[in-house]
Each structure stands twice: as C-alpha cells, then as structure tokens.
Amino acid sequence: MVMNIVVEFFVVMLKVLWAIVMAGLKWLIRPKEKSVAGQVCVITGAGGGLGRLFAKEFARRRATLVLWDINSHSNEETAEMVRQIYREQDNPMTKEGAVGGVEEVPPFQPQVYTYVVDVGKRESVYSTAEKVRREVGEVDLLINNAGVVSGHHLLECPDELIERTMVVNCHAHFWTTKAFLPKMLEMNHGHIVTVASSLGLFSTAGVEDYCASKFGAIGFHESLSHEIKASEKDGIKMTLVCPYLVDTGMFRGCRIRKEIEPFLPPLRPEFCVKQSMRAILTDQPMICTPRIVYMVNFMKSILPFEAIVCMYRFLGADKCMYPFLAQRKEAMNNNEAKNGI
C-alpha cells in the first residue's frame, strides 16, 4: 500500500513537471489559434469598453455575435460596428492567385443580435438566455465581461451601490453560466471567459467592493474550472482574463508614483483585448496583462503583509485610487449642485 502511494506520488510529480514544461513551451512557441467562425458568442457589457472591442475581434473571426448590455443605444452602436466588419469581409475583393481574379465570398453569413439585459437581475438573464436559444441557437462562447465600479470609499458608499457592484461583477457570472453551461456539458463543447482584473488577485485601498467582487469572480471561475475537469468534459474550455489598469475611463484619475508610471502605464484597451483573444483562441487557462502581474501575484503569496505594504508605498499603489475617488466625488457634487440638490 505504501509503495503504491510512493509510486503514484512520483508519477504525479512527473506529470506536474511535464505540465510546467508544456506551459513554458507555449510561452516560447505560439500555439495555433482555433477557429470560431459560425460559433455563437455571447458578450455581456458589449455596449462599450472591452466588451465592444471583444465584439469587433470575434466579428473579424466571423463568429455570430449576441451582444448583451443594459444600454440599448450603445449596444446598437457596437452592433453597427460589427455589421460593418461583416460587410467588409463579405465584399468580394480582387486577389492575386484567386480563380478568375476574384475571391469567393464565404458561404456562411454571420449575424449580430442585440438584447437589453440587466445581468444583475437573474430573471432578466434567464429570460434573455431563453430568447437567445430560440432566436439564435445554442451558445458556444460566453464572455462574462460586464462590470461596474461604485467609486466611493467604503464608509461613504451607499449599501445599494455595494450590492450593485457585487451583483454585476460577481453574481451575474453565476446566472449566465447556469443559463448556458448545461447545453455545453451535454455537447461537451464550449468556452467560458471570465473578464476579471488584477484587483481580483491583489487589492488596494479605497475600492473594497470592487476588489471583493473581482476576487469572488476569480474564485467562481477557478472552482468552476475544477468542476469541469472533475466531470471530464475536456471539450469545454475556461479562460480567466486579469488585466492591470485598462485605459477605458472606468478608473480615470487613478495614479501610481509619477517616477514609476512611465514603466507601468495604463493598458491600451486594444492591446488588452488582443492579448486576451490570443489566450482565448489558444485555450489558455489564464492571461495576466502585463506579465509583471504574474510576478506581483506570486510575491503577494509568499511575502509577509508588511513587506507588501512597503512595496505598495514605494510604487505609490497604496493610495493610487484616491485621485480617482476624489474625481468621482467632485463630479457627483457638481451634478447635485446643477440639479439643485
């Protein structure tokens, strides 16, 4: 019995080493990207920011887009951008080497569908998911991207905004996954993407509700990944996206130490989505952008808390959200003054 355990332990160690080697090779040799042409892709929070850019990237790969957003106008704007990409792809172009000098138009014509959804309300999620199944078909890719931030210090934040942050950034992932995962399991095919944040791996002051919601989303994603592995459904893939501060305007005003900022500027949204798409299309389990986020997360796991505090203070990360919170408070006060409140 003891010998069996020892042998099994060494086999496990070999498998662990092999997994590390294979992961390292994928960093050096770029894997081939899979095709998502003709697959149905649901994107939450598609009306702007990263959601809009994800929609455009999947459209370029001829996926059928299902765009969810609480704002109908911005969602339709994204849909029109997607349609324009489809039109450009479907427009016959003269191409050297093509038969008769003209490239044939692909037989499949992807479409885009828009739905007004409040992902924070599970009834809205479930009813809209049912409409998607009836009107579009079964979903192949689910991009859980929708997110909000309250922009208040904890003791100044209304309870309703804290609840809203938790529901949209975390609980909504439960509702969307419960809506679409059963068919994925039945077909043993699908891909679920969780767009989280580096603030779900390590936190900072002033955004307790946001950090908690992203920590929750990452915990949900990791547990679900283990559950899918345990069910031996190898056709269902999971990708966790954890970017550093992205310049979408969500955290406008956030600043780290000015001497450090040139070396760690906010990410361009286009770069963030390009990196994320590469990870999704190569079935990479996790992508942190930039790569220094991996190191910071590792150091947080092994260093004492006081050592982390010292590093935060050196980088100016301990109070980096304070300018953002001050701007939000000033903007709110100005709006109240204009409205005569």
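## Exercises on salt bridges

Arg-164 is partly exposed, with 29% relative accessible area, where buried means under 20%, exposed over 50% and partly exposed in between (1.4 Å probe, protein chains only). The model is predicted, so that local features need pLDDT of at least 70 and side-chain atom pairs count only at pLDDT 80 or more, whereas totals for chains, interfaces and linings use all residues. Residues are numbered from 1 along each chain as its sequence is written, and side-chain values use heavy atoms, with hydrogens and water left out.

**Exercise 1.** Determine which residue forms a salt bridge with Arg-164, and where the two partners lie.

*Solution.* Apply the criterion, a side-chain nitrogen of Lys or Arg within 4 Å of a carboxyl oxygen of Asp or Glu. Arg-164 pairs with Asp-118, their closest N and O atoms being 3.0 Å apart. The pair links distant parts of the chain, 46 residues apart, with Arg-164 in helix H5 (residues 159-187) and Asp-118 in the loop between strand S3 (112-116) and helix H4 (122-135); helices (H or I, at least four residues) and strands (E, at least two) are DSSP runs numbered from the N terminus. Asp-118 has 14% relative accessibility and is therefore buried.

**Exercise 2.** Locate Arg-133 and Glu-130 and classify their accessibility.

*Solution.* Both residues lie in helix H4, three residues apart, about one turn of the helix. Arg-133, at 25% relative accessibility, is partly exposed, and Glu-130, at 35%, is partly exposed.
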